[in-house]
Amino acid sequence: MINRGTQSSRRIARERWRVAFAAVNFTAVARVCCAAPFAAVLALVFAACGGADATRDADAPIRRLVVAGGAAGELAVALGRAQDVVGVDLSAARAPGLPLSAPRVGYVRSLPVEGLAALRPDLVLATAEAGPPEALEQLRALGVRVVLLPDGHGLDGALERIAAAGDALFETDRAIAIAEELRRESTAVRAQLPAGVRPTVLWVLQPGGGAPLVGGSNTAADGLIREAGGENAAAALEGWKPMSVEALWAAAPEVIVVASIGTTPGQHGHGSLAKLWPALADSPAARTARVVALEPGALSGGPRHGEHLAALARAIHPSAAGLAVRDAERTASDGPSAKEPVR
Amino acid sequence: MNAALGGRPLLRMRRGAALSPWRRRGNRRLAVLLASATLLLVGVVLALCVGPSGIGIGRLLEIALAAVGLGDGPPAGDVERGVLLHVRAPRIVLGAAVGAALALAGAALQALLRNPLVEPGLVGTTAGGTLGAVLWIVFGAGAVGGVLGGFGLAVAAFLGALGATVLVVAFAGSRGRVDNAVLILVGVALTAIFSAGTGFALFLADDQALRDVTFWSLGSLSRATWPALAVVLPCLGAASAVLIARAQVLDALLLGEAEARALGVRVDVEKRVLVAASALAVAAAVGLTGSIGFVGLIVPHGARMLVGAAHRALLPVAALLGAAALVLADAGARTFAAPAELPIGILTAAVGGPCFLVLLFARRARMAG
């Protein structure tokens, strides 16, 4: 550090130590030592006194449930446990039927450890994307039971999730019934699909101008489109990707599906589509007015998978008589899940 | 430049006549140091006490005493014990260490480059760390995630940050000398290049990876666990120690490089040491917490306003204030949106910005009046 002869540099070093030592004010150190316990006690006294001790029995039935992820929320409702939900994440909160007053614990991919532990849940039921992994580990270390639902697209994924949620919530019988119903719905839809006709379908996630985010291969959208008898117009892309205007033009989808947060079914007519994406406005889908809006939960792959599948199949194959009749029944019984293409 | 760095000749001239013993410089520094230490201590205690689980005061003391071997506290499986010892405590330790290291790095680099706008990320460190983290989230986690487990993200960010700094210094140096202006400009250029790489990775990323990156970039102490701390704390501690030990070198460098050389400071060696120590601090911090802005830029300025530009007093105060700032911000982050958690970067900026303005105006009023 000092570029001189050794002797003088040693002298300077010694001098520096002396100065540095003199700078340490022992009164200050002493005062800090005195102040520390004082401040600690003061702060402790003023700290909130709450938190009654709650002892939990590991084998007790699940009375306090936290759900994270769209499918987890829907499954809690479908399995009849909505009233036990004491915390939801932002994506699970969209599931119809959950108590609106349940505290929000953030987003499923950034779960807070202490926030969740503070809710004292008997079970945290989450979809596979839950994280961060450190948080899940810490929660388990705290003795919180965390169950992640299996990943997977399409009908098989939905069935696996239903079975796993049923096991986790000790509602196996109900889960089997729901799975049976879903299988039946899916088979019915498949039976009605016209053979050999597979229109191209583009699934648009982000209804907000710019390059739209579209569902490529290996997405929940891709699985749903193929099950509903369509061909994914964006299959060349992997995952959810923004698609350029030129590529949109070239893809020329025959059906466009819009499903996102903030989308009201039936909202996207030809006019608004033209305003957002001029390239899409000239597509076969827009020309024939086959633009459908599905509700945001359509991609969660939960117990209502069959319902969304039927709605999409009807949009892709409007001429299939069986689908239309089936859907008319549904509309009469529990309300529409997808509107007629808007003209 | 001198005024911006907290040079206080005007103040001292005015005070020379005042002669209030409490106002004498040494006492003032002592008082500020003491106040900073108390603030940190209160912050630590407060952060231990608050949180969404609302642990009662009796339980808190019982668990704390049991942890240091006095009395037998609750059994190992107890949730409150776990929350206190394995959630809150590591976060507080990490927050204090990161805050202190970032503030020290900021103070050192501001003096070294004699530029008040410098923050530790300016020499490319943060951009490199971000690139490393984003590459890991987008490509690495799926491919080699099993190898490093939960540490992968931290390691990738750490390597990115260190690599960036090595590159910057390598580019900026010529014939053994590192020119300040070139150092800053190379840092800016490499930051742009790294940002381009980050942007391209984000373009290739899927929806989930995008969300992960968003949360990472907002910063959080929630990754703090004792095993992770065992790796990160030595890095932060070493960097902080090196920086604090350079107080007199920094004082000399404030005069200018030629003057520092004349005083016997080996400027080119010291410069590399200072940049390396700062980079180590930022890299270790960024790996575990994401990018936490503001602390490294503004805390040193605040400390300078309180105790002046002499680094022997400035560095400890900056370290204490930086530690206190992050510990308090994290306590707020855990509490305000409970049971959800706010990103800590929002709080440090939202609370620290106004505090800094108050300091600024108070100082101006004093100088005017």
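How many residues does helix H15 of chain B have, and what distance does it reach from its first C-alpha to its last?

1. Helix H15 of chain B (residues 344–368) has 25 residues and reaches 36 Å between those two atoms, close to the 36 Å expected, where the expected span is 1.5 Å times one less than the number of residues. Helices (H or I, at least four residues) and strands (E, at least two) are DSSP runs, numbered from the N terminus.

2. This is a predicted model, in which local features need pLDDT of at least 70 and side-chain atom pairs count only at pLDDT 80 or more, while totals for chains, interfaces and linings use all residues. Residues are numbered from 1 along each chain as its sequence is written, and chains are lettered from A and ligands numbered from 1 in the order in which they are written.

3. The buried residues of H15(B) are B:Ile344, B:Gly345, B:Leu347, B:Thr348 and B:Gly352; a residue is buried if 20 or more other C-beta atoms, placed from the backbone, lie within 10 Å of its own, exposed if 12 or fewer, and partly exposed in between.

4. In chain A, the peptide bond joining A:Gly131 and A:Pro132 is cis, with omega about 0°, and A:Pro132 is found in the loop between strand S3 (123–126) and helix H5 (133–141).

5. A:Phe170, although not a glycine, has a positive phi of about 55°, and is found in the loop between helix H6 (154–168) and helix H7 (172–192) of chain A. A:Phe170 counts as partly exposed because it has 14 C-beta neighbours inside 10 Å.
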